[in-house]
Amino acid sequence: MARIRNRRKPVAEMNVVPYIDVMLVLLVIFMVTAPMLNQGVKVDLPKVSSEVLPQDNDAQVLTISIKADKTYYWNIGSEVDTDTVQDKALTLEEMTKAVTAIMNQNRSQGKQIQVFVRGDKAVDYGSVMAAMGGLQEAGVGNVGLITEAP
């Protein structure tokens, strides 16, 4: 009796199981290394003079100062004024409410406002960023930072 061989046709499909294993290993590697990439590096920034920002002569200028004790002082006028104080706030929420009122009042009168922030060098970066977030909540779209020449 002749033995009938059952020949199979060769399978033309690609076996993707090893590729899935490699992909999962790479995914785990990137998940482990990604948080390490976000750590900060201590950098001493150079002290250089910066260019003067262009100023719209028709716009009112709101200058907000953040002191070392994290209190907020501001004034509004026709130019950047760092000497006079019109109002102050002890918390970020108070400052946000006051700036919202200033912005709404000037918008209703059709005036444009430029906002500049002065942060004391002893104030941490997070406090300045929180103030800028509060200004964004108040409807300020463009904020300039004031620095002093070395």
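1. Helix H2, which spans residues 92-108, lies across S1, S2, S3 and S4, and its direction is about 10 degrees to that of S2. Here an axis is a line fitted to C-alpha atoms, for helices over the stretch in contact, and angles run from 0 to 180 degrees between N-to-C directions; contact means heavy atoms within 4.5 Å. Helix H3 lies across S1, S2, S4 and S5 and runs at about 145 degrees to S1. Helices (H or I, at least four residues) and strands (E, at least two) are DSSP runs, numbered from the N terminus.

2. The model is a predicted one, in which local features need pLDDT of at least 70 and side-chain atom pairs count only at pLDDT 80 or more, whereas totals for chains, interfaces and linings use all residues. Residues are numbered from 1 along each chain as its sequence is written, and side-chain values use heavy atoms, with hydrogens and water left out.

3. On the overall architecture, the secondary structure amounts to three helices and five strands, and along the sequence these elements follow the pattern α-β-β-β-α-β-α-β. Of the contacts in the protein with a separation of 6 or more, 61% are between residues 24 or more positions apart.

4. The five strands form an open sheet with mixed pairing, in the order S3-S2-S1-S4-S5, where two strands are taken to pair if DSSP finds at least two bridges between them. Strand S3 (87-89) and strand S5 stand at the edges with a single partner strand each, so one side of each has no neighbour in the sheet. Neighbouring strands of this sheet are turned against each other by 25 degrees on average, with direction ignored.

5. With regard to burial, 23% of the 150 residues in the protein are buried, the classes being buried at under 20% relative accessible area, exposed at over 50%, and partly exposed in between (1.4 Å probe, protein chains only). The protein exposes about 12200 Å², of which carbon and sulfur atoms supply 56%; accessible areas come from the Shrake-Rupley method with a 1.4 Å probe, and for residues only the protein chains shown count as cover.

6. The structure holds one salt bridge, defined as a side-chain nitrogen of Lys or Arg within 4 Å of a carboxyl oxygen of Asp or Glu. Asp124 forms this bridge with Lys70, and the closest N and O atoms are 3.9 Å apart. Because Asp124 lies in the loop between strand S4 (113-119) and helix H3 (125-137), and Lys70 in the loop between strand S1 (60-66) and strand S2 (72-77), the pair ties together parts that are 54 residues apart in sequence. Asp124 is partly exposed at 38% relative accessibility, and Lys70 is partly exposed at 39%.

7. The backbone of Lys70 also deserves a look: this residue, which is not a glycine, has a positive phi of about 65 degrees. In general, most residues other than glycine have a negative phi.

8. Thr71 lies in the loop between S1 and S2 and is buried, with a relative accessible area of 7%. The side chain of Thr71 makes a polar contact with the side chain of Asp69 at 2.7 Å. A polar contact is a pair of N or O atoms within 3.5 Å; within protein, one must be able to donate a hydrogen and the other to accept it, and residues adjacent in sequence count only if both atoms are side-chain atoms. Apart from neighbours within four places in sequence, Thr71 is in contact with Ser65, Ile66, Ala89 and Leu90.

9. Ser65, found in strand S1, is buried at 14% relative accessibility. The side chain of Ser65 makes a polar contact with that of Arg118 at 3.0 Å, and, with residues up to four places away in sequence not counted, Ser65 touches Thr71, Tyr72, Tyr73 and Arg118.

10. Val143 belongs to strand S5, residues 143-145, and is partly exposed, with a relative accessible area of 24%. The C-alpha atoms of Val143 and Phe116 are separated by 5.6 Å, although these residues are 27 residues apart along the chain. When residues up to four places away in sequence are not counted, Val143 touches Val115, Val117, Met132 and Leu135.
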